Amino acid sequence: MTVKKKTVEKRLEALRHRMKKKGINVSLFWDPDNEYYLSGFRAISYSRPIILLVYTDKTQYIIPALENDHARKNAKVDEFFVYHEIVQNRHLHTNYGQLLEQILNDLPQDSVLGIEMGIVPASVYQFLREKGFSIKDIGQDLIDLRAVKDEEEIYWLEQAGYLSDVALEASFAQVKAGMTELEFDSFGDRKLLETASQKYPDLIVGYENWTCSGIERSSMPHLASSTRKFRERDVIIHSRQVWINGYRAENERTFFIGKPTREQEKCFQLAVEAQQAGMDIIKPGVRAKDVDIASFRVFEAAGYGQYVQHRIGHGLGLTEHEEPYLRFDNDLILEEGMVYTMEPGIYIPGVGGFRHSDTVIITKDGCRSITQYPRKLEDLIF
């Protein structure tokens, strides 16, 4: 993955401004997405801990030896501290804690440390307290900074949205009774990977998806795709997230094998109307809670409020689900450049589940969707 150096510098400048206001001398970051946001580096696995330290005038990485070359190539960081896990290097540092303690021992005792309070392990928090440092939360600041996307981020989100549409179109072109959920997914997977390989050379592209078919499975919002075969009169929810260069778009549709019942048609249309209600109200200056409430009222007015199980949407960017959320109790004032899924749904035992999800970017006077696959009933009966 690639992030421009000037982009990282701009993000660090914004973070340091917040650190100064809080009196923080050094911030320690544990979350991989926060580290990527501030450095341009992401590993495949973090079972070997990686820590990013941001000072007022420099940055440092504590990394395992197997990530050394990768990090030095991609991370926009000033200094690297490496720990090892092979026998011939047993005389060197062999765990991240030794290096962290060495770094902290060089800090003035009255230094104030910033950490992600909701993420950093309790053992690390306890260690920092035992060292005598004052600690303040810097995690909320990263949530705030990441919530409003810059031009570079929006570009990659748009590409992810495009690829998700490509994948949905490929799967829906092949749908039929008798195929399994996994087979249905595979058509989109293949087309997605072929398109990405041709259109975006030398970049990392990934995806995850799940398909919940039948009245029982579609009524449970989150289930992994299975070997269950599609049957006539099935109601099905297909969900797909695609990411490119780290940034994600989400695209979900409810569809039918054969003609739905009258109640299923009604519930399908309510899900479309509830989503549109959210899209109609979302814009800068609106509270996050009002978007969720506007959507819920569509279901409530039709007598289906009891079948709503989740908020209308979540933030999207580097993480599958990221704050801030569109929830009935969130007073956050929305801003231009925030990115959300719009995915209200109802799940009715004996009838099925009904949910579309689109990824929208808040614009100057409203929103625009970066996922475009059709969502009308006539387009989703097969």
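Me: Which residues count as charged here, and where is each charge placed?
Reply: Lys and Arg count as positive and Asp and Glu as negative, while His and the chain ends are not counted. The place of a charge is NZ of Lys, CZ of Arg, CG of Asp or CD of Glu.

Me: How many positive and negative side chains does the chain have?
Reply: The chain has 48 positive and 57 negative side chains, with the centres of the two sets 1 Å apart.

Me: What kind of model is this?
Reply: This is a predicted model, in which local features need pLDDT of at least 70, side-chain atom pairs count only at pLDDT 80 or more, and totals for chains, interfaces and linings use all residues. Residues are numbered from 1 along each chain as its sequence is written, and side-chain values use heavy atoms, leaving out hydrogens and water.

Me: Where does Arg228 lie?
Reply: Arg228 is in the loop between helix 9 (214-218) and strand 8 (235-244); helices (H or I, at least four residues) and strands (E, at least two) are DSSP runs, numbered from the N terminus.

Me: Is Arg228 buried or exposed?
Reply: Arg228 counts as buried because its relative accessibility is 18%. Buried means under 20% relative accessible area, exposed over 50%, and partly exposed in between (1.4 Å probe, protein chains only).

Me: Which residues is Arg228 in contact with, leaving aside neighbours within four places in sequence?
Reply: They are Met179, Thr180, Glu181, Ser213, Gly214, Arg217 and Asp234, where contact means heavy atoms within 4.5 Å.

Me: Back to the chain: how many helices and strands are there?
Reply: There are 11 helices and 16 strands.
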